[in-house]
Amino acid sequence: MTTVAFIGLGAMGKPMVRHLLAAGHTVRAAVRRPEAADAARALGAEPFFTPAEAARGAEVIFTNVTASEDVRAVLLGENGAIEGAARGSVCVDHSTISPIVTREIAAALAARGIEALDCPVSGGSAGAEAATLTIMVGGKPEVLARVQPLLALFGKNITHIGDHGAGQVAKLCNQIAQVVNIQGIAEAIRFANAQQVDAARVLQAMASGFAGSRMLDLMGPKMVTRNFAAGIEARLHDKDFGLADDIARELGLTLPAMQATAAQLNALMEHGWGKDDTSSLLRVLET
């Protein structure tokens, strides 16, 4: 059994911690507030009020937070995990962040003898609950081999992409294809509705044709029934598209579908729908 630290007990982190505990591992959870400490204890984890404290004695340190600078802070900042982690331990980051920042963090950890893997995931909170996440890995393959039994508690589709940052590149590729697809579905539904055609029947026909996709199966019915309750909050897709757009511009890439979809996500955020589902892209077309 392994002693692990876990930083980020959010919608994704909590079920991941439950899977670790159910498998018999010891979890040291980093928390910031007394109520979060109570929630960690309720899960069966031991709470600590800094990442450094949580990392002490842990062989593997998991992070699942929101943004690039959040990961940098909890790992490298004041009272960050680097201050408590032992040489030879492994930091596994499940956040979706900049590949550039990921490489900088990995280099800083390596200077202290700490290994790093970027392991962003796809599947949302439902995938975390069901342990069906897709995990994209950047880092050394031999380090992945060390922690693979732990990652297998979260999902079975674990793909080593390449060196540090490659997992984050793969996740951003996933987000580009996914959200451009959602935008296409929204436009199809808008097109059908504008001509007073039954959008549910249109979806049924599309699903068995070449337009069929996981996103169509998931997002199409939500749009038809106007159920915009968040499966994945749109603000997270907006954050990821911002990362992808910044990198594309830095590289001089022209990605017109991604950039058009990024503009729609920006409009969605301006309407105050960031905590709703990304299927709200349909509402943007209707305004």
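User: Which ring does the charged end of Arg-283 sit over, 4.3 Å from its centre?
Analyst: That of Trp-273. "Over a ring" means that NZ of Lys or CZ of Arg is within 6 Å of the ring centre and within 35 degrees of the ring normal. The charged end of Arg-283 also sits over the ring of Phe-228, 4.4 Å from its centre.

User: Before we go on, what sort of model is this?
Analyst: It is a predicted model; local features need pLDDT of at least 70, side-chain atom pairs count only at pLDDT 80 or more, and totals for chains, interfaces and linings use all residues. Residues are numbered from 1 along each chain as its sequence is written, and side-chain values use heavy atoms, with hydrogens and water left out.

User: OK, aromatics. How many aromatic pairs are there?
Analyst: Two. Rings of Phe, Tyr and Trp (its six-membered ring) pair if their centres lie within 6.5 Å; planes under 30 degrees apart are stacked, over 60 edge-to-face, the rest tilted. Phe-6 and Phe-62 are stacked, because their centres are 5.7 Å apart and their planes at 25°.

User: Where do those two lie?
Analyst: Phe-6 is in strand β1 (residues 3-7) and Phe-62 in strand β4 (residues 60-63), so the pair ties together parts 56 residues apart in sequence. Strands are DSSP runs (E, at least two residues), helices likewise (H or I, at least four), numbered from the N terminus.

User: And the other pair, what is Phe-62 paired with?
Analyst: Phe-154, edge-to-face, at 5.7 Å centre to centre with 75° between the planes. Phe-154 lies in the loop between α7 and β9 (157-162), so this pair links parts 92 residues apart in sequence. Phe-6, Phe-62 and Phe-154 form one aromatic cluster.

User: Is Phe-154 buried or exposed?
Analyst: Buried, with a relative accessible area of 0%. Buried means under 20%, exposed over 50%, partly exposed in between (1.4 Å probe, protein chains only).

User: Switching to α7. Which residues are buried there?
Analyst: In helix α7 (residues 141-151), Val-143, Leu-144, Val-147, Leu-150 and Leu-151. They fall within an arc of 95° seen down the axis (directions from the axis to the C-beta atoms), so they line one face of the helix. The face turned away carries exposed Ala-145 and Pro-149.

User: Which residues touch the most other members of the largest nonpolar core?
Analyst: Of its 33 residues, Phe-62, Val-92, Leu-117, Ile-135 and Leu-151. Such a core is a set of buried Ala, Val, Leu, Ile, Met, Phe, Trp, Tyr and Cys residues joined through side-chain atoms within 4.5 Å. The largest share of this core, five residues, comes from α7.
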